[in-house]
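Thanks for sending this one over. Here are my notes, in numbered points, to read beside the model.

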Amino acid sequence: MSRLLRRFTRVVVGVSGGVDSAVTAILLKRKGYEVVGVFMRNWDERDEKGHCNADVEAEDAEWVCNKLGIPFHEVNFVKEYWNDVFMYVLDECKSGFTPNPDIICNKMIKFSPFLKYAQETHGAEVIATGHYARSSFGEDLENYDLNKGAKLLRSIDLHKDQSFFLSQISQYALQHTLFSIGDYSKDVVRKIAESVNLDRVAHKRDSTGMCFIGNRNFKDFLSEYLEDQPGSLIDVDTHEVVGEHKGLHLWTIGQRCHCNHLASSPQPYFVVEKNVESNNIYVACGTDHPALFTTTLFTEPVYWIHSGHPPSQLYSQGQLECQFRFESQTPLTECVLITHDINPWHSSPSNSGMIVSLAKPLRAITPGQFAVFYLGDEVLGSARILRPGPSLYALNVESCRTSILQERTKNPLKFRTVEENVGNNGAKKNKKDC
Ligand SMILES: Nc1ncnc2c1ncn2[C@@H]1O[C@H](COP(=O)(O)OP(=O)(O)OP(=O)(O)O)[C@@H](O)[C@H]1O
């Protein structure tokens, strides 16, 4: 171990009851760290059957720690999670945005009060988690250098890479976290767990995030907290009302509308835009409708994780070439970032939002999700998406709108709504399904 590594002898591992954090603890123990296992309880509501997911996970976490012979503790962040994550989810949903609770949970809980708790309660300077990600400080912080700051890097197993979800954590947290499995593949991680007879967790499925939902349906869950706000589903081509919805918060961009609206077309409708003012949802026929695709988007100011400032290219050239994704596992898309002034009187590259110009059209860019920017393996930072730019349809790229409208006029039966085809009763019944 390096001289600096010896400074960090005690480490608190976030043990979730899953295989990744269990193997993180094993690897650190093998290296000679003094490992303390801690389970975070962030949500402890019981479902109708009195079942609480957190109880099951906590039991598994304790079982893992006992098996590894490390101390086990539980810490309660239910209040913090409610205030800083769950309220954010509800506020975003109410305003027509689609939140990303996993990114906010990492920023506000796992890499904030949890780190503070590890340091103050257990006297550990550093924490470790079972995230598939790496830091430029190295897996044991062997390159620790406060003058340089740490860079967040993608994991070696790109299929499991979770750096996307870490793109909003503080630089301080990044400097004080060991990502022990960032160099491993999931298969190897499972084998390590098997090799020490951690059979109970070795083949457990990955958690699905959003611990508060458990096994419930997201729409049913949200309906417990937000009132229905009925509105119309409007066809973007014809501007006709083709159905009704119970609230913008129950839908997201690109989502399929489960309504049997077209009698003779196999094409279902997909959500293109949620209009908060009118409370209407615009929908388009077919998953590849050009109204779902755009080559630009607008974001809030970027959080630059390495230095807090954008790379110098953005200052010197007024733009930055990098890569983009807004979903954790979709392929990276080349893009150019250009600043756009949220406040034109006080603007500089570090406090203005971005126009993201994409090298190819992407589907269902969703307000409220995070645009995460990469330069090769490095995560530069991320920003909340405000809105997509004009769609290919709006811009009539390659006359796509013209040809769709011509087709719909030429062949009205194909696109007739249920109302037109089977009469009002049928339409009502089917509208209810939406
Ligand atoms: N309730 C929790 N208590 C303690 N640590 C947690 C908890 N939930 C998540 N973590 C930490 O965050 C890491 C990533 O969590 P995530 O929810 O993505 O689970 P995962 O990828 O399925 O990992 P695991 O297999 O360890 O459950 C975990 O490996 C663990 O270190």
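1. A contact here means heavy atoms within 4.5 Å. Among contacts between residues at least 6 apart in sequence, 67% join residues at least 24 apart.

2. A word on the basis: this is a predicted model, in which local features need pLDDT of at least 70 and side-chain atom pairs count only at pLDDT 80 or more, while totals for chains, interfaces and linings use all residues. Residues are numbered from 1 along each chain as its sequence is written, and side-chain values use heavy atoms, with hydrogens and water left out.

3. The protein has 13 helices and 19 strands, taken as DSSP runs numbered from the N terminus (helices H or I, at least four residues; strands E, at least two). Of its 434 residues, 52% are buried, where buried means under 20% relative accessible area, exposed over 50% and partly exposed in between (1.4 Å probe, protein chains only).

4. Please look at the second largest pocket, with a volume of about 610 Å³. Its 30 lining residues include Ile 253, Val 272, Glu 273, Lys 274 and Pro 388, the closest to the centre. A pocket is an open set of points on a 1 Å grid over the protein atoms alone, where a 1.4 Å probe fits, with protein on both sides within 12 Å along at least five of seven lines; lining residues have an atom within 4 Å of a point. The volume is the space filled by probe spheres set on the points, which are joined across faces, edges and corners.

5. Which strand gives the largest share of that lining? The answer is β11, with four residues. β11 (269-275), β13 (293-299) and β19 (378-388) each supply at least two. By type, the lining divides into 17 nonpolar, nine polar and four charged residues, with Ala, Val, Leu, Ile, Met, Phe, Trp, Tyr, Cys and Pro as nonpolar, Asp, Glu, Lys and Arg as charged, and the others, Gly among them, as polar.

6. Gly 17 sits in the loop between β1 (10-14) and α1 (19-30). Gly 17 counts as buried because its relative accessibility is 0%. Leaving aside residues up to four places away in sequence, Gly 17 touches Glu 57, Asp 60, Ala 61, Val 201 and Lys 204.

7. Thr 333 belongs to strand β16 (residues 333-340), and is buried, with a relative accessible area of 5%. Beyond residues up to four places away in sequence, its partners include Cys 322, Phe 324, Leu 358 and Leu 362.
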